[in-house]
Amino acid sequence: MGDLTTIATIVTGIFIIYLGYLFGKKKMLSLIIGYSDNTFYGDKDKYAKRTGLTAIILGIIVVAMPLVVLILGEGAVQIFKYIIGIYVVIMIIVGNYWRFRF
């Protein structure tokens with residue numbers, strides 16, 4: 001990874017961690033795409049904590065990526081692509097859990 005790519009990846013990870021903080025601690029649920037107070041039927045505190053925690057974990061994974069690539073080499077990028085892809089799917093499921101309830 002080049003220097004600019006490394007810096008951009010770390011800045012992106014820090015931004016994702018900050019968004020997770022806003023979701024989880026500050027309860028700024030209006031930042032979540034598709035969230036509406038009128039259509040939400042679940043516990044807002046649980047929803048904020050779960051969404052915030054998953055965003056913070058994703059941010060930590062993104063920040064750790066350049067460090068792991070530095071240690072293991074460029075082959076680790078392919079592994080991180082799959083890890084981040086799977087985690088984003090998990091994040092979407094957690095973020096929309098209230099819609100899937102029967």
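Good morning, colleagues. The model is a predicted one, in which local features need pLDDT of at least 70, side-chain atom pairs count only at pLDDT 80 or more, and totals for chains, interfaces and linings use all residues. Residues are numbered from 1 along each chain as its sequence is written, and side-chain values use heavy atoms, with hydrogens and water left out.

I begin with the overall architecture. The protein contains 4 helices and 0 strands, and its pattern along the sequence reads α-α-α-α. These elements are DSSP runs numbered from the N terminus: helices are H or I with at least four residues, strands are E with at least two. The C-alpha trace spans about 45 × 25 × 15 Å along its principal axes. Among contacts with a separation of 6 or more, 64% join residues 24 or more positions apart; a contact here means heavy atoms within 4.5 Å.

Next, burial and surface. The protein has 102 residues, and 30% of them count as buried. Buried means under 20% relative accessible area, exposed means over 50%, and partly exposed lies in between, using a 1.4 Å probe and protein chains only. The accessible surface comes to about 6900 Å², with 71% of it belonging to carbon and sulfur atoms. Areas come from the Shrake-Rupley method with a 1.4 Å probe, and for residues only the protein chains shown count as cover.

As to charge, there are 10 positive and 5 negative side chains, and the centres of the two sets lie 10 Å apart. Lys and Arg count as positive and Asp and Glu as negative, while His and the chain ends are not counted. Each charge is placed at NZ of Lys, CZ of Arg, CG of Asp or CD of Glu.

Which residues form the nonpolar patch on the surface? They are F15, Y18 and Y21, with about 330 Å² of accessible area together. Patch members have over 30% relative accessible area and no salt bridge; nonpolar side chains (Val, Leu, Ile, Met, Phe, Trp, Tyr) are joined within 5 Å, and like charges within 9 Å. A salt bridge requires a side-chain nitrogen of Lys or Arg within 4 Å of a carboxyl oxygen of Asp or Glu. Y21 lies in helix α1, residues 3–24, and Y18 is also placed in helix α1. Y21 counts as partly exposed because its relative accessibility is 37%; Y18 is partly exposed at 45%. From Y18 to I61, 43 residues away in sequence, the C-alpha distance is 14 Å.

I turn to the loop between α1 and α2, where K27 is found; helix α2 covers 44–72. K27 has a positive phi of about 55° although it is not a glycine. Most residues other than glycine have a negative phi. K27 is partly exposed, since its relative accessible area is 34%. Leaving aside residues up to four places away in sequence, K27 touches L22, D45, A48 and K49. Its C-alpha lies 13 Å from that of A55, 28 residues apart in sequence. S36 is found in the loop between α1 and α2, and is partly exposed at 24% relative accessibility.

Finally, is I86 buried or exposed? I86, in helix α3 (residues 75–95), is exposed because its relative accessible area is 53%. I86 and G20 are 66 residues apart in sequence, with 18 Å between their C-alpha atoms. Thank you.
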